[in-house]
Amino acid sequence: MKKRSFISIIICMCLMATLILTSCGEKADTESKSSKNTTATYVESDDFSYMALVNKTHKLPKNWEKQLKTVKMTNSVGDEVETEKKAYDAYQKLKAALKKEKIYVDLDSARRSVKEQQRIMDDFTKQYGADYAAKTVAKPGYSEHHTGLALDLYLIVDGKDIVENEDMIKFTEIWAKIHKLLPKYGFILRYLEGKEHITGYGYEPWHIRYIDDAKAAKEITDKGITFESYLGTASEDPVKIDYGKSKLYTKKQLEAAVIQIKCKFAFWHECKLENIRYAGDKAVTEKNLKWINSLDKNNKYKKICEFLMDFHTPEKSKDDALESDHEYKDYQWWLAQNEEGGWDIVSQGY
Ligand SMILES: [Zn+2]
């Protein structure tokens, strides 16, 4: 039986922050809102609901933890996993249906209490400092995993547990078959590819969410929309992305940078992202590299890039730093490549 380390438990990005700093309002919304893409209208509540929205701008409802009924199980690698009761029953049915197709899954992680998240935040703060903790650990109260309705699956292929994200993501055919079956049992795939500016997370084929409504789940899945836009808190209008031409970076590297920007944009309450464009290799100068490295003495970056963004703020901006109903043009994002080869957002603004 393999016992996984503390660090490996928090590897999943949906349990973490997306390695980006948060500067723009993270307080929970308090109003309901509808938009033209809406099928349902989201109403904020303090109570438990299978249709509750918990994301980077919507906090776990106040009475949730005292109303939540959970079950605990031990998975094939020996970890204890806690889920909401009805979500667990639905998961068992999904698992049985998958078994008939010779697809084997288990639960990697599901519920994590706000207190537990706070404990991890405190541990990280003590060990690595507040800045690193804020960048690495999801803010307590704003993770969908608090609900007990979000489940992270892992695959068992040829009798082997496939638990690491970079390994799991390769099994695209298996995931496609799993995703097809989700709505029937009241589940949706939560973090869709290309929708990072709405969900705040990169694509996670393993993170599924129970909503206890097969009809709604089917509609969301068939339309390929996010839970946010189904509930009317976000718009699915397409975002124009222009990677331009670069001799310094591959398209894949620039795509990874854009995902970081989009994930951070998801913190901006109801702002509408219009387009993102690569500022060009001309922005990658020795002078700019020197400036970036002067911002944080702890880092010694070698590669940087710049993107520009246009976005529009809502009629009544919930963010003090942003004007209401305003068109922001050429907003700048500076990123630098970290030791792991990923991008850190190092500066943003005008
Ligand atoms: Zn997850």
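In the protein, 67% of the contacts with a separation of 6 or more are between residues 24 or more positions apart, a contact being heavy atoms within 4.5 Å. The structure is a predicted model, in which local features need pLDDT of at least 70, side-chain atom pairs count only at pLDDT 80 or more, and totals for chains, interfaces and linings use all residues. Residues are numbered from 1 along each chain as its sequence is written, and side-chain values use heavy atoms, with hydrogens and water left out.

The mean pLDDT (the predictor's confidence in each residue, from 0 to 100) is 88, and 89% of the residues reach 70 or more. Over residues 1–11 the pLDDT is below 50, and this stretch has 24 contacts beyond near neighbours in sequence. Residues 18–37 also stay under 50, with 68 contacts beyond four places in sequence. Where pLDDT is low, predicted coordinates should not be read in detail.

Of the 350 residues, 53% are buried, that is, under 20% relative accessible area (1.4 Å probe, protein chains only).

The whole structure holds 20 aromatic pairs, defined as rings of Phe, Tyr and Trp (its six-membered ring) with centres within 6.5 Å; planes under 30 degrees apart count as stacked, over 60 as edge-to-face and the rest as tilted. Tyrosine 191 and tyrosine 201 form a tilted pair, with 4.5 Å centre to centre and 40 degrees between the planes. Both tyrosine 191 and tyrosine 201 are buried. The charged end of lysine 56 sits over the ring of tyrosine 201, 4.4 Å from its centre; the criterion is NZ of Lys or CZ of Arg within 6 Å of the ring centre and within 35 degrees of the ring normal.

Notes: Buried < 20%, exposed > 50% of the residue type's maximum accessible area, 1.4 Å probe, protein only.
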